[in-house]
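Here is a short report to read beside the structure. Keep the 3D view open and look up each residue as you meet its name.

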There are 2 protein chains.
Amino acid sequence: MTESSALLTDRYELTMLDAALLKGTHDRECVFEAFTRRLPAGRRYGVLAGTGRLLELIERFRFGDEELAYLRDNHVVRDETIDWLADYRFSGTIRGYREGEVFFPGSPFFIVDAPFAEGVILETLLLSVFNYDSAVASAAARMVSAAGGRPLAEMGSRRANEHSAVAAARAAFIAGFSATSNLEAGRTWGVPTMGTAAHAFTLLHDSEEDAFRAQVDALGPGTTLLVDTFDVEKGIETAVKVAGPELGAIRLDSGDLPKLVRQVREQLDSLGATKTKITVTNDLDEFTIAALAASPVDSYGVGTSVVTGSGSPASGMVYKLVAHRPRGSEGDWIPVAKKSDGKASVGGRKHPVRRLDRAGEAVAEVVHIIEEGETPDDNGRDLLVPLITDGEVHREHLGVEGTRRAREHRATAMRELPDEAFRLGRGDPVLPTIFA
Amino acid sequence: MTESSALLTDRYELTMLDAALLKGTHDRECVFEAFTRRLPAGRRYGVLAGTGRLLELIERFRFGDEELAYLRDNHVVRDETIDWLADYRFSGTIRGYREGEVFFPGSPFFIVDAPFAEGVILETLLLSVFNYDSAVASAAARMVSAAGGRPLAEMGSRRANEHSAVAAARAAFIAGFSATSNLEAGRTWGVPTMGTAAHAFTLLHDSEEDAFRAQVDALGPGTTLLVDTFDVEKGIETAVKVAGPELGAIRLDSGDLPKLVRQVREQLDSLGATKTKITVTNDLDEFTIAALAASPVDSYGVGTSVVTGSGSPASGMVYKLVAHRPRGSEGDWIPVAKKSDGKASVGGRKHPVRRLDRAGEAVAEVVHIIEEGETPDDNGRDLLVPLITDGEVHREHLGVEGTRRAREHRATAMRELPDEAFRLGRGDPVLPTIFA
């Protein structure tokens with residue numbers, strides 16, 4: 001994927017640029033911040049995902065001949081602005097949370113220092129990435145908690161746009177899922193892939209036994225057989241007959257799971273298949289996963305609910321201009337904030353810190369309003385790392401390696417949270433956000 | 001975009017192929033059907049979108065060296081299967097609904113006639129496209145009804161994955177929206193684009209008046225000024241002062257809209273800006289749009305709710321094997337169906353027809369179970385058109401032209417629906433689905 005990402009954006013980002021160029025305000029030095037206004041109703045925390053993907057997209061945010069021709073032919077901006085866009089390459093500096101970090105309302109996780117023109121035109125793309133990827137990661141993290149250590153596989157590709165599906169697989173992996181069904185996520189992001197067969201495979205063959213035999217011949221007895229196409233009890237009998245007691249796993253994709261899982265475990269044991277695992281995949285979400293805690297399930301496959309953010313498909317993230325000053329000025333920054341009814345923002349450059357108690361448990365999100373070059377006087381955990389410096393992307397955040405690091409950081413960050421963060425019931429954000 | 005779409009798929013599609021190739025069942029002649037199990041809770045109808053996008057993706061569903069290398073290196077399938085995939089090109093026949101058609105549960109809108117191997121590996125991709133695009137179109141159509149003829153613009157790119165955003169803009173346009181903020185949707189699908197400025201543009205300047213003047217200088221007095229950054233009343237006063245009474249429109253993105261809109265209309269009129277339009281964009285959905293029916297709003301901008309399907313971000317569409325027979329056989333097709341608890345399906349080749357009364361109003365979705373080559377004996381409207389014949393895509397469904405045709409067909413199909421289809425309150429599907 002080396003194609004331009006530049007038109008994955010709202011027209012008004014470019015018309016603002018157009019007007020600012022005419023007025024000469026395009027090169028004012030600016031600080032923009034991305035943060036979430038609120039967590040989805042009842043959620044206690046969010047998990048940030050998307051940073052690694054976004055940094056690659058920012059590198060591809062270049063206007064080539066085709067993009068410029070579209071803008072020119074459709075009179076989106078003036079010719080002078082077309083010329084400016086032809087040379088555009090982000091030259092600013094971005095600091096932010098590590099990907100995988102836990103987030104709370106109001107605290108900036110992505111802070112852009114750039115001339116107005118360079119910072120404003122990234123808005124749509126960066127919000128698209130963070131809003132979706134973090135919606136998935138935030139839902140997935142709750143499912144991981146609910147599963148209590150049992151592995152989860154993401155298999156919702158068919159319930160999301162074909163490209164969203166790849167991003168969702170990556171975000172769920174960062175949030176602690178073990179694998180995905182999505183092959184492109186395997187190729188691009190190094191997420192382990194899984195999956196064996198659907199009901200269609202059984203229906204194609206003259207009998208369930210023929211289908212199971214074909215699958216075991218191709219994939220070995222360690223495969224997972226889907227046993228609920230006709231009758232689960234007969235399906236399991238046939239599965240163990242065909243694969244022997246070394247059958248890897250059986251999959252249940254329908255039925256009253258808590259009751260069914262127990263019966264299936266007993267049947268497998270009685271057939272000598274005591275090591276054969278049970279995986280369940282029937283419309284699960286964090287609540288139905290939690291309801292299976294006492295059932296002998298070995299692993300979960302989750303589809304629709306994880307790729308659609310389990311009821312909250314966008315994260316409420318916004319990107320705001322918070323300070324500016326004339327170009328080349330050594331003078332003070334002008335903090336700015338809008339006052340719109342219900343959407344007021346806090347002006348000024350910020351630096352978020354997670355304050356911990358002596359036991360290392362998080363107690364507050366403290367957002368310091370600071371001057372440029374200042375570091376907050378706070379012994380909490382500093383949440384900012386460099387992402388782009390003077391236009392150069394810090395490579396450790398990218399690709400397979402960046403994805404793996406994000407998954408590790410998520411585990412570390414979640415260990416700091418108090419126990420009540422992991423209750424599934426509705427509640428307020430588990431940490432208060434304090435502006436200091 | 002000429003890149004391969006082949007890995008935008010679930011691993012199990014390829015492992016099923018792998019096993020079927022070994023068993024020799026891969027070339028059984030098959031019929032697969034896509035349909036929705038149910039409409040989202042309380043919805044009366046759905047609007048199909050995605051067909052034009054999908055047909056292009058099917059043309060790009062080819063396994064190149066990079067895709068094959070990934071599958072080989074990760075032992076996803078056997079070497080013989082790699083060889084088969086290297087030559088893969090869909091050679092079957094697909095008939096289905098026109099894009100933009102209204103749909104109901106159980107009625108197949110996409111019917112694939114192909115060898116098992118060729119048909120099964122399209123499953124994930126086709127469901128990804130239809131589930132997302134139709135979720136957006138179905139939500140958007142309700143908003144269009146609620147707006148009662150006033151134009152709507154889709155501006156939710158930032159609340160959806162960056163590629164979903166493009167598909168969403170297209171789907172909303174098919175469903176009757178007039179425009180989008182998304183530039184890529186303009187370039188790729190010919191959707192008209194719109195948008196002028198955000199709050200950041202006002203905050204950048206030394207005063208609201210400076211910002212408005214910069215915008216009017218660049219975009220002319222016919223532009224839309226965003227007047228709620230600080231104080232709406234002062235904002236409007238300044239807007240008319242700067243642009244004059246020929247100001248095109250003002251935009252409201254916050255506040256208690258029904259009340260505010262009336263005040264704003266009065267103020268504009270009192271300033272002589274009687275032709276200046278009012279567009280509102282504050283977290284709208286079909287219900288808040290309906291609540292503004294009596295307010296002097298001229299147009300709506302809709303974001304999050306339309307790109308996330310207004311509470312139903314996936315459409316519950318599935319793709320099922322319904323009949324097969326040995327390759328080259330002149331014999332009878334074997335209808336097949338699974339019996340899984342809660343997921344039972346209806347076997348056999350089908351042909352859906354929309355039955356109309358004498359006044360041309362739709363009264364039932366009739367799904368005929370037929371033999372190959374048979375046409376249903378029914379004087380209802382035939383819902384099937386050719387989409388791909390022997391591997392060749394019917395070009396009229398593609399690109400800008402296909403998108404425009406889908407939008408027109410949606411208007412035609414919706415005119416057949418009884419009035420109760422357009423009530424926003426919860427209810428059952430407005431047509432019964434009858435298997436005949």
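## Salt bridges: what counts

A salt bridge here is a side-chain nitrogen of Lys or Arg within 4 Å of a carboxyl oxygen of Asp or Glu. By that rule, the structure holds 64 salt bridges over all chains.

This is a predicted model, where local features need pLDDT of at least 70, side-chain atom pairs count only at pLDDT 80 or more, and totals for chains, interfaces and linings use all residues. Residues are numbered from 1 along each chain as its sequence is written, chains are lettered from A and ligands numbered from 1 in the order in which they are written, and side-chain values use heavy atoms, with hydrogens and water left out.

## Chain A as a whole

The C-alpha trace of chain A spans about 80 × 55 × 35 Å along its principal axes. Its secondary structure comes to 15 helices and 19 strands; helices (H or I, at least four residues) and strands (E, at least two) are DSSP runs, numbered from the N terminus.

Of the 436 residues in chain A, 64% are buried. Buried means under 20% relative accessible area, exposed over 50%, and partly exposed in between (1.4 Å probe, protein chains only). Contact means heavy atoms within 4.5 Å. Among contacts in chain A between residues at least 6 apart in sequence, 74% join residues at least 24 apart.

## Charged pairs inside chain A

Let's follow a few pairs. K350(A) forms a salt bridge with E33(A), their closest N and O atoms being 2.8 Å apart. K350(A) lies in strand 14 (residues 350-356) and E33(A) in strand 1 (residues 29-36), so this pair ties together parts that are 317 residues apart in sequence. Both K350(A) and E33(A) are buried.

R53(A) pairs with D133(A) in a salt bridge, again with closest N and O atoms 2.8 Å apart. R53(A) sits in helix 2 (residues 51-59) and D133(A) in helix 6 (residues 123-147), so the parts tied together are 80 residues apart in sequence. R53(A) and D133(A) are both buried. There is also a network of salt bridges that links E101(A), R354(A), E365(A), R381(A) and E416(A).

## Where chain A meets chain B

How many residues of chain A are in contact with chain B? The count is 97 residues of chain A, touching 97 residues of chain B. The area buried between the two chains is about 8200 Å², and carbon and sulfur atoms give 57% of this. Buried area is the accessible area (1.4 Å probe) that two parts lose on being put together, summed over both. In chain A, R158(A), L183(A) and L204(A) lose the most area to chain B, together 10% of what that side buries.

Twelve salt bridges are counted between chain A and chain B. One of them joins R158(A) to D10(B), with the closest N and O atoms 3.0 Å apart. Helix 1 (residues 11-23) of chain A gives the most to the side of chain A that touches chain B, with eleven residues.

Is T180(A) buried or exposed? T180(A) is buried, because its relative accessibility is 0%. T180(A) is placed in strand 7 (residues 179-180) of chain A. Leaving out residues up to four places away in sequence, T180(A) touches residues including E154(A), A169(A) and M194(A).
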